[in-house]
Amino acid sequence: MTSCLSSDNEKSYEQRTAWVYLINLGFYFIPLYFMAGQWLKISIAIGLLVPFIIGYFWAYNSSKEQALKPIGLMFLSAIASSFVTSGAISLFSFCCFFIGFFYSLRTAILSFIGLSILLLVIDISMGYSGYFFTFYGMGICLGVGVFGVIEQNRQRIKRQQQQSKDEVANLATALERERIGRDLHDVMGHHLAAIALKAELADKLIASGKIDQAQQQIHQVSVITRDCLSQIRHTVSGYKHQGLTQMLNTLANTLRDNAIAVSIEGTFPKLSELMESQISLLLTELINNTIKHSQATHCTLCIETSQDWLKLNFIENVPVKTITKGNGLTGIQERITLLHGTIDYQLIPHYKVSIKLPLSESVR
């Protein structure tokens, strides 16, 4: 059994699969099987599941501040059903999980003590033999409650890790902005100062009637301007290359977040703007396909560069029986065709996608 997660995507997934854990209600129905002919009690027991299930899904989608009411509804349903079937123990266990998940350890312990007393009172009232209702109920509720506490701690650690990751990303962004500002100042600062001085000097020379000397200064301004533009293009090209590397790191983290280990071998050379953008898109498609359709637990991306070719090998540690070319693989093929490259697939013993792209001037 699990609970609501902090991120929207994970929460959506948990909401979609919440019904799976209701399989545990099978223990609720076992005693009903032996109540042959007691149709009134059976009907009441089944009817009490309606408010319980409503409370279950309500609690599943609640925050800590909102959880008390749905847990209370589940708890009341469990108490009422305990007077018609001993299977109510399973309902109490659901309540214990949510208490362990949403509240502090002290609250969970006190709730367990109170629940144990309640189980004993019900046991005595119903006259169950051997106090099995009390002891079995305490054991099951304690075990499931501990899972709730563990899940709460896991979620807290996950939120802290995400917060740390966000802080690191924000810090990296701030440092990158500072670096870009510093680089632009270094590239353009002295050029602009020289342009301003020479333009001022040319203006004075024109005013003095020294046209030839003024033209020389204006020519030098033109030379400085072209040199400045060249250096800016070179700097921006370096930013683009770092952008592709950063994108690859982001995709690798996406795989790791989906429990798929990843290794990256080699680095990208400086590429044309067209190749930068198309490689980013086709790698995104490859990794999305792995996350959606593959059973792989490890992936490797090998980047090999020669004078004329860039080779990308994407390898999953599982074989593939057949390939169905949907929109993803079709899009990859179109991007490789645009770059005048080739793509090959290997299905066994490991699934391997080999992409070969030319580094000719015609592509740049």
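**The sheet**

Two strands count as paired if DSSP finds at least two bridges between them. Strands of a sheet pair through backbone hydrogen bonds, parallel or antiparallel.

The model is predicted: I take local features only at pLDDT of at least 70 and side-chain atom pairs only at pLDDT 80 or more, while totals for chains, interfaces and linings use all residues. Numbering starts from 1 along each chain as its sequence is written, and side-chain values use heavy atoms, with hydrogens and water left out.

Next I checked S1 against S2 (residues 298–305): 5 bridges join them, and they run parallel. Which residue of S2 is the bridge partner of Val262? I found Cys299.

**The whole chain**

I noted 11 helices and 5 strands in the protein chain. These are DSSP runs, numbered from the N terminus: helices are H or I with at least four residues, strands are E with at least two. Of the 364 residues, 36% count as buried. Buried means under 20% relative accessible area, exposed over 50%, and partly exposed in between (1.4 Å probe, protein chains only). Of the contacts with a separation of 6 or more, 68% come from residues 24 or more positions apart. A contact means heavy atoms within 4.5 Å.

**Salt bridges**

How many salt bridges does the structure hold? I found 2. The term covers a side-chain nitrogen of Lys or Arg within 4 Å of a carboxyl oxygen of Asp or Glu.

One joins the side chains of Glu151 and Arg154, at 3.0 Å from N to O. Both sit in helix H8 (residues 132–207), 3 residues apart, so about one helical turn separates them. Glu151 is buried at 10% relative accessible area, whereas Arg154 is partly exposed at 38%.

Another joins Lys204 and Glu200, at 3.7 Å from N to O. These two are 4 residues apart in H8, so again about one helical turn lies between them. Glu200 is partly exposed, at 44%.

**Met74**

Leaving aside neighbours within four places in sequence, Met74 touches Phe52, Gly55, Tyr56, Ala59, Phe94, Cys95 and Phe98. Phe94 is 20 residues away along the chain, and the C-alpha atoms of Met74 and Phe94 are 8.2 Å apart.

**A nonpolar patch**

Last, I looked at the surface. Leu105, Ile109, Leu110, Ile113, Ile117 and Val121 form a nonpolar patch there, with about 560 Å² of accessible area together. Patches take residues with over 30% relative accessible area and no salt bridge; like charges are joined within 9 Å, nonpolar side chains (Val, Leu, Ile, Met, Phe, Trp, Tyr) within 5 Å. The areas come from the Shrake-Rupley method with a 1.4 Å probe, and for residues only the protein chains shown count as cover. Ile109 belongs to helix H7 (residues 105–126) and is partly exposed at 45%.
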